[in-house]
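Keep the sequence and the model open while reading.

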Amino acid sequence: MSRFLAVALLLGLAAASFGVEAGGAVSRGGDRVAAGPGGGFWVEPDSAAARQVTAWRSQGRAADARLIERIAGRPQAVWLHSPGPGPVVRAVTEAATAAGQTAVLVAYFIPDRDCGDYSGGGAADAAAYRRWIDEFAAGIGDRAAYVVVEPDAVAQEVTGCAKADAEERYGLLAHAVDRIKARPNTKVYLDAGNSSWIPDEQRLLAPLRRSGIDKADGFALNVSNYRTDAESTAYGHRLAGALGGAKHFVVDSSRNGNGPYIGEGGETWCNPPGRALGTPPTTATGDPALDAYLWIKRPGESDGTCRGGPRAGEWWPEYALGLASRAREQPASE
């Protein structure tokens with residue numbers, strides 16, 4: 001059974017499986033998550049990490065299972081990257097609502113996604129993508145959600161993606177922002193890459209505007225990357241200021257606990273060794289422009305077939321164990 005079908009079957013169990021403390025904080029594993037719209041961020045009951053915990057406990061690997069609980073017990077984004085997103089979006093947002101929490105979703109189906117690299121794929125053409133986005137938005141309904149729109153799509157176009165037509169891509173992104181933001185309780189963040197990819201934030205201004213940033217709540221930074229919270233936040237303030245000062249942002253802190261990899265031997269962004277879990281998901285950032293730290297990249301899922309990893313997006317228990325074992329931020333129960 002796929003993870004997404006399992007989510008749909010667990011709608012009636014989500015609220016019981018993950019208790020909600022006063023103030024909307026998730027209580028599983030003792031972790032607290034600051035309340036967002038509709039409550040704390042949703043923890044997926046049947047994630048690969050949760051299944052790994054169960055498997056290792058049954059095998060007598062209690063210490064390793066406890067480490068993986070640092071991933072399984074925390075909210076992570078659900079990525080929509082295949083045809084027919086509506087039922088999955090509906091299932092996830094309904095499960096989150098039933099638990100008094102807020103789903104975090106990623107729309108990842110733009111044509112020529114990832115420029116054909118490790119995560120290549122996406123919609124067959126522009127018309128198919130517009131239909132996909134319309135179905136995605138309809139699946140949210142009036143339920144609360146944070147949505148990250150198309151990681152890498154803008155930054156790849158800025159730095160050079162010969163497979164994608166710039167005007168078409170920016171138009172499709174604007175369509176996505178418009179349709180998803182039309183849902184009454186949804187926050188929308190257009191992905192803007194990371195601080196090391198396009199250090200000169202001025203290069204992003206026109207592409208982001210053509211991609212609908214004016215209608216979005218803001219932008220997302222560091223998705224699937226390892227830049228530190230401090231570096232990403234400073235970059236976010238510069239970019240927000242260059243855009244006029246009104247836009248907010250979110251930062252992916254899922255794997256940045258040890259910062260970026262600076263060693264040799266392969267692409268620094270693809271399954272780098274020695275990394276660690278970062279700041280747990282929260283809206284209590286202490287910064288009025290930084291709406292949340294989120295685990296957008298799902299910790300333990302591979303970046304691609306580099307350094308011995310499985311295909312992009314597949315669960316890699318050994319890598320997950322390393323991330324968790326090096327985490328500096330420990331659950332409150334430890």
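The points below cover the salt bridges of this structure and how exposed some of their partners are.

The model is predicted. It holds 16 salt bridges.

**Asp303 and Lys297**
- A salt bridge links Asp303 to Lys297, and their closest N and O atoms lie 3.6 Å apart.
- That distance counts as a salt bridge because the cut-off is within 4 Å, taken from a side-chain nitrogen of Lys or Arg to a carboxyl oxygen of Asp or Glu.
- Asp303 has a relative accessible area of 7%, and buried means under 20%, so Asp303 is buried.
- Lys297 is buried too, with a relative accessible area of 7%.

**Glu314 and Arg311**
- Glu314 and Arg311 form a salt bridge in which the closest N and O atoms are 2.9 Å apart.
- Arg311 is exposed, as its relative accessible area is 59% and the term applies over 50%.
- Glu314 is partly exposed, at a relative accessible area of 31%.

**A network of shared partners**
- Asp134, Asp178, Arg179 and Lys215 belong to one network, joined by salt bridges that share partners.

**Asp64 and Arg61**
- The side chain of Arg61 meets that of Asp64 in a salt bridge, with an N to O distance of 2.8 Å.
- Arg61 has a relative accessible area of 33%, which makes Arg61 partly exposed.

**Points to check in the model**
- Is Lys297 buried or exposed? Lys297 is buried.
- Which residue forms a salt bridge with Glu314? The partner is Arg311.

Key: Residues numbered from 1 in each chain as written. Predicted model: local features only at pLDDT ≥ 70, side-chain atom pairs only at ≥ 80, totals over all residues. Heavy atoms only, no water. Buried < 20%, exposed > 50% of the residue type's maximum accessible area, 1.4 Å probe, protein only.
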